[in-house]
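Subject: Structure handover

Hello,

Here is the structure we discussed. My notes follow below it.

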Amino acid sequence: MEAPILSVRQLTVDFSTDAGNFRAVDGVTFDIPKGKTVALVGESGSGKSVTAQAILQILSKKARITNGSLLFNDPSTEGSIDIAALPAESDAMHSLRGGRIAMIFQEPMTSLSPLHTIGDQISEALMIHADVDQATANQRTMDVLNRVGFPDPKRALRTYPFELSGGLRQRAMIAMALITRPALLIADEPTTALDVTTQAQILDLIKELQVETGMSVLLITHDLGVVANVADEVVVMYRGRIMEAGSREEIFRNAQHPYLQALMRAVPRFAMAENERLTPIREVKSASLATADAPQRVQPAGPILKVERLTKSFTLRSGWFSGKAREIRAVSEVDLSLPAGKTLGLVGESGCGKTTVSKMIMRAIPPNSGKVLFDDGTGPKDVHKLEGEALTTYRRSVQFIFQDPFSSLNPRMTVYELLTEPLRIHDIGTSDERYERVKHLLEMVGLDQGALRRYPHSFSGGQRQRLGIARALALEPRVLLCDEPVSALDVSVQAQVLNLLKDLQAALGLSYLFVSHNLAVVDYIADTIAVMCRGYIVEEAPKSSLFRNPVHPYTQALLAAVPDPDIDRPLDFTKLRTGGFSQPSAWPEPFRIEPGEFGVMKEIEPGHKVRMGRLTAREAA
Amino acid sequence: MIRFLLRRTVTMAVTLLIISALVFFIIKLPPGDFLTNQIAELRAQGESASIAKAEFLIRQYGLDKPAWQQYLVWLGVMPGPNGFSGLLQGDWGWSFEYDKPVVDVVGDALWLTLLVNFAVVIFIHLIAIPIAIYSATRQYSVGDYIATFIGYIGLATPSFLLALILLYYMNRWFGISIGGLYDPQYAGESWTWAKVQSLLSHLVVPTVVIGLGGTAAMIRRMRANLLDELGKQYYVTAKAKGLGPTKALLKYPFRMSLNPFIADIGNLLPQLVSGSVLVSLVLSLPTVGPILLSALKSQDQFLAGFILMFVAVLTVAGMLVSDLLLAWLDPRIRMGGAR
């Protein structure tokens, strides 16, 4: 058997912090075979990224490789080098880094310097390692940009990262990593920040390039769906140690280690049974939830929240110097209806307008036209016309759960202050009553009272998100707007939070508008799903019929692009390669919508509506 | 670009107009003016000849007219006794205190002020940037602590006190006088090479004294900015490409951390002019600071008004320069930046 490109042996990395030493990677041993993809899987904090940084010796100053070896067998030269023995700033290490071992990162926006052109940053990578002049480097850069799928490589040379979409930025990162033709590519969560369709294209690109160049890939991810689709071998890490390693077949067909089994059970899948519950790795018990009663309130006759023909345009100034204004329609005639006690899932890729819709429902921004109707049992009222007392009551009834649990809690307030703030704003209760209420809220979300005096930074991501939920519940709302509430969380924690939301709904009779880009998550939690694209609702259906019979080409593409953690249901890369799913004018008839048009929603089976283009609209008339 | 410049020029003109009105009316706020005060004083002494001259000047400069008319005449948009002759026509008025045209009073002082302040700005950047880089890249090292300590001392030392101390010890130890910007024998002389040499040697101490506080502040801010940028992902990317530590640092995080300082250029200039008044007094520097102070005290309105307008023009022009520089250096601003 051929020698592996990289043999990691007993790798140990220690962090020295104020609180003492901390072992982030503890005796990790694995091989990366030539031309293969090894996936390193684990939750955040499992040490997978630190392992990758150790291989390139770009660890933070506080971290040190204390033991073990990293034997690198460069196929272009004879013999092997022990990377762990090289000083981090030696010439040998500089030439390995970026030259023979390249790396791409999770956040393609922050990984590229906004002040330098793509061309500058990519050609720089080549010029560090090869003795070429700028003209040759530019030529090579254009070649590689062309290869990774840039439509106009020549123009791209002079483009800045912020002018590109997330997908193109990640392609630029890949171009930067591959221009030196490295033997090993380390991809640290390369698609986590991308939309599903873009994710599928990037994974496909990495696979293709791997076949072309014969490089090995170390793929770091927490997404078992991605692993099932691209990895040859899988290494599962937990708390700095390897829990299980083996070929993809072995791992997915016959997971041995309880941790891995638990991880598999925590991921929402499409094939789940109707009332099947996710099993988080660490179940959180909520003491008071089982006994909690929904407040006695008049139930509305119709839906509790209804959105009618909501439209919103934004005016963009195209530049500082030109002052020309451009109008962009973010939301086009959106109709939604949320029945009381149910969950409406709103799915779409970034920039499709789903957050704008939720902000208009909150009355954070005014619509250009259309109505948001809220019915608390006394008949529907237009939210954007509410004033005074009625508006305050509405604000109390509709609360928001944010995506980022780190930035949505004020770091200078204790948990007690955070949770009582809504009560203080609305002047509810005496301070003793507030204290009781907050204790009860904490119990409901499964945190203990000791949390009250602590500050948000001392909690983990999942705990913070539960604090966010507790805060939203403080005013006994009837509707919760959840904007990507789990997309910043690990799978195991995600399962916890999703289950909590489900339990709360059952116990308190809440209605959710659940906004997400993750179809599997929406499938798990929602009753009805609306798919949004470029400001249009393109398809809306009860979840069973949406997944059984997706009609709209965009929905189909979206469904096809979700990697399922099931090796018997691989992604169909060839189908996804065509692109253009999110261009309304590129959809096939009868779905095609010309710019400036709205099309019409057509009901194809009870509750299942699809947006059709102009032709169909005329036929119907 | 041209539209932008036009728009900016118009805003600048409006801003300056408002500032000129504010400046003029605030100077006129206390009752009386230089000449009426002087006349009252002369009356007490019974000097009728000088009174006649003062009254002539009052009529000459229209000080007997209402304040708004005086303002418009000063600005040059309303005909005074000599027709249209104000700031817009380049006539900066008459200094009653010095009994000379304003242009003769401030002439040398203006460009010496610019020279001193330019030297100070250069000094601040030359000293602060390397120390800040050292301190940020070696956070919590001994060197960082020493730099931080010296920085705090620099921030906390009043510059006029430092000026006095230096004045005393330089004289005592080296027997040299560091007051003024050149040796006394060159005062009023034309600019010869010897005078320039004298100027340069005299420039050192004022530069250090005036610049110390700014240097310390800049070290602290630059260090903080750089520390923020050093934690950013693009710096890791640069290192992962194989760039050496120095080059990676200077090309990426350092350049990013410069933005706030470029944005500050507009503020820096007037601050240095008004901030160095005390030091200029102590070191008897022939800059506009002390002249402004005495002009304000004696209500020498045209002199004070002109100096304040000069500072305002510096500010507005500085803002424009920093905006243009920012746009040139940062594509996100140039292109109207999405995020």
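A residue is buried if 20 or more other C-beta atoms, placed from the backbone, lie within 10 Å of its own; 12 or fewer makes it exposed, and anything in between partly exposed. On that basis, 13 of the 13 residues of α6(A) are buried. This helix covers residues 166–178 of chain A and reaches 18 Å from first C-alpha to last, close to the 18 Å expected (1.5 Å times one less than its number of residues). Helices are DSSP runs of H or I, at least four residues, numbered from the N terminus.

This is a predicted model: local features need pLDDT of at least 70 and side-chain atom pairs pLDDT 80 or more, while totals for chains, interfaces and linings use all residues. Residues are numbered from 1 along each chain as its sequence is written, and chains are lettered from A and ligands numbered from 1 in the order written.

The interface: 29 residues of chain A contact 29 of chain B (C-beta atoms placed from the backbone, within 7 Å). On the chain A side, α3(A) gives the most, with four residues.

The cores: a nonpolar core joins buried Ala, Val, Leu, Ile, Met, Phe, Trp, Tyr and Cys residues through C-beta atoms within 7 Å. The largest has 245 residues; V235(A), L513(A) and I307(B) touch the most other members. Helix α5 of chain B (residues 102–137) gives the largest share, 13 residues. A second, separate core of six residues includes W587(A) and F591(A).

Beyond four places in sequence, I307(B) touches V106(B), V288(B), I291(B), L292(B) and A295(B).

Best wishes

Terms used. Two residues are in contact if their C-beta atoms, placed from the backbone, lie within 7 Å. Helices (H or I, at least four residues) and strands (E, at least two) are DSSP runs, numbered from the N terminus.
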